Amino acid sequence: MSDMRQRLSEIPGMDIILGCEWLQKWLDELGRMRVKRVINNELSEIRRRILNDEDYEFSADSFRESCVKALSSASRPSLKRVINATGVVIHTNLGRSLIADEAVKSMTETASSYSNLEYDLKAGSRGQRNSHIEDLLCTLTGAEASLAVNNNAGAVLLTLSALSKGTEVVVSRGELVEIGGSFRIPDIMELSGASLHEVGTTNRTHLFDYEKAVNEKTSMLMKIHPSNFRIEGFTTSPERKELAHLAHEHELIFMEDAGSGLLVDGGVIGLPSNTGEISIRSCLEASADIVTFSGDKILGGPQIGGIVGKKKYIDLLKKYPLARALRCDKVTLAGFEATLRLYAQGRYDDIPTLRMIRRDPDAMKSQAESLAEVLSHKLRAEVRVVETEDATGGGSCPEIKLRGWGVSVKHETLGAGYIQKLMRGLDVPVLCGARDNEIVIHVRTLQNGEEEILINALEGVFNA
Ligand SMILES: *Cc1c(COP(=O)(O)O)cnc(C)c1O
C-alpha cells in the first residue's frame, strides 16, 4: 500500500489531462472553460476519496470513464422535457401549465421578431406593454382595469407595497398560508412594508373579529385563498360580500389573493361544485376592489401575476416603481394574450390545462385499455388497467381530486421505487405514480405522441 502523498502525486495535472486525445471532442463540444470545470470537479472528487480512503488509488481508466459521463451530462440541456404520467395536471415541480399551441405560436413569433410591445402604432409614439392584455382581461373578469406582472407573488407584493405600506392589513389566521416554494403571506407582507394584523383563530374567524381589528392605521382587509389545504369541521369565515361591505363602510380596500385564477365558473371546466373554487369574476362581483391570481395555474397560461379591480387602485399600481421591476417580458405577454383570446372564444379544450382537467373518464379508460394491451404483449411484467386518483394540482393550486384511469405495471422482482428511479434517469425522463409494489401510469396527463416514447421507455426498463 502506497502512502497518501504518493497516491496523490499520481493524479495527473490539468494540462496533461487537457492534452489527452479522448478529451479533444469535448473541448469542441463544450468549450475549454466548461471542460476545465468538469475535470476539476472530478479531480477534487478523487482527492477527496484518497484522503478518506486508505486503499483508494488513481486509475486512468476509471477517471476517464467518470469524466466522459460528467462531460456528456454537461453537454445535454439541463432544463428538458419530461413525461408526466402522474395524473397531476398542474404539477408544481414539472412546470405547472402547458401552454396552448396558439399561444406558443404567438410566443415564438414575438420572440424572434420586433413587435409593438411598447409602441403605439396609431399615434406613432411610445405605448404601454400592458395595453395588449388589459382590455381582454377586463372583458373576461368584468374588471374596470387590470395589470399583469411577473407572477402572483409579485402581484401581491406590488399591491401591498403600493396601497398599504406603513399601514395595517387585516387577515384571518385561517388564511395565513404558505404556498410551496417559500411563498408565505406574512413574509410578503413584511417585505411590502405593511403590517399584518391577524384576527380570529385557525378554524373560525367572524365578521366581528375583522371589525374589532379596524383602527386608524388600517388600510385594507385581505382575503387569501387557502390553495393547498382545507380546514374542515367546525369552521366559519365571513362571506366575501360581508367583508367587502365592512371594508367600504370604513373606507378601506378589500383585496383578495385568489391564488389559482379561474376565468370561468368551475362547472364549465367540470370541477365538482363543492370545491370552493370561485372565479375571478365572482370575487369582483362580491365587491372586491383588487383580486390577484397566477397565470400558470388553473388559468392554463404562461407565468404571470394578474391584478384586476378598481381603476383608481390599478392606476396607482401601474405608476408604482416596483411595477417596473416586476414587469412581464414580451414573450410571456404574447402567450398570455393568446391564451386570453382562447377564453374569449370559449375554446377551452384548446387550453391544455383545462382540456386535461375536463377529460372524459370513458375516453381515459379506453386509452388505458389500449395502452395496457400493447404493454402486456411487450413487457415481461404484470399489466393491469386501474382506476386512479388524479388531481388538478398539488402544492400551489387547489388540491381537487379527479377520478381517472391508468395502467399499473408490476416488475417480477424490482420494487416500484427503484423502477421509478430508473424511469427518471432515461433520456426523456418519465414520472409516474406507484402503489403497493407496482408503478402506475396515469393517462390523463400524457400528451399526444408520448405513448410511443413511454412504451419504449418501459421496454428498456422492464425487459433489461
Ligand atoms: C400560488 C399562489 C401564490 C403564488 O403565485 P405564483 O404565481 O406562484 O407567484 C400566491 N397566493 C396563493 C393563494 C397561491 O395559491
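This is a predicted model: local features need pLDDT of at least 70, side-chain atom pairs count only at pLDDT 80 or more; totals for chains, interfaces and linings use all residues.
Residues are numbered from 1 along each chain as its sequence is written, and side-chain values use heavy atoms, with hydrogens and water left out.

The chain has 464 residues, and 47% of them are buried. Buried stands for under 20% relative accessible area, exposed for over 50%, and partly exposed for what lies in between, with a 1.4 Å probe and protein chains only. Along the principal axes, the C-alpha atoms fill a box of roughly 85 × 55 × 55 Å. The secondary structure consists of 19 helices and 17 strands; these are DSSP runs numbered from the N terminus, with helices being H or I of at least four residues and strands E of at least two.

A contact is a pair with heavy atoms within 4.5 Å. Of the contacts between residues at least 6 apart in sequence, 74% join residues at least 24 apart. As for charge, there are 56 positive and 65 negative side chains, and the centres of the two sets lie 3 Å apart. Here Lys and Arg count as positive and Asp and Glu as negative, without His and the chain ends; the place of a charge is NZ of Lys, CZ of Arg, CG of Asp or CD of Glu.

The domain assignment gives domain 1 at 2-74, domain 2 at 83-91 + 355-462, and domain 3 at 101-350. Domain bounds of this kind come from an automatic or database assignment. Between the C-alpha centres of domain 2 and domain 3 the distance is 34 Å.

Two strands are called paired if DSSP finds at least two bridges between them. Strand S1 (residues 83-85) runs parallel to strand S16 (residues 430-435), and three bridges join the two. In this pair, isoleucine 83 is opposite valine 430. S16 also pairs with strand S17 (residues 438-442), here in the antiparallel sense and again over three bridges. Arginine 435 has glutamate 438 in S17 as its bridge partner. S16 and S17 make a hairpin with two residues between them, and aspartate 436 in the turn has a positive phi of about 45 degrees.

Five of its five residues are buried, so S12 is largely enclosed by the rest of the structure. Ile290, Thr292 and Ser294 point one way from the strand, and Val291 and Phe293 point the other way. S12 pairs in the parallel sense with strand S11 (residues 253-257) over three bridges, and methionine 255 stands opposite isoleucine 290. S12 is also joined to strand S13 (residues 305-309), by five bridges and in an antiparallel arrangement. There, threonine 292 stands opposite isoleucine 307.

Methionine 255 belongs to S11 and counts as buried because its relative accessibility is 0%. Leaving aside residues up to four places away in sequence, methionine 255 touches Val156, Thr159, Leu160, Met220, Leu221, Met222, Lys223, Ile290 and Thr292. Glycine 335 is 80 residues from methionine 255 in sequence, and the two are 27 Å apart in space, C-alpha to C-alpha.

Lysine 223 is in strand S10 (residues 218-224), and at 11% relative accessibility lysine 223 counts as buried. Among the residues that lysine 223 touches are Glu175, Arg240, Phe254, Met255 and Asp257. The C-alpha atoms of lysine 223 and glutamate 178 are separated by 14 Å, and the two residues are 45 apart along the chain.

Two loop residues complete the walk. Glutamate 251 lies in the loop between helix H11 (240-249) and S11. Glutamate 251 counts as exposed because its relative accessibility is 74%, and its phi is near 55 degrees, a positive value in a residue other than glycine. Arginine 96 is in the loop between strand S2 (88-90) and helix H6 (101-112). Arginine 96 is not a glycine either, yet has a positive phi of about 50 degrees.
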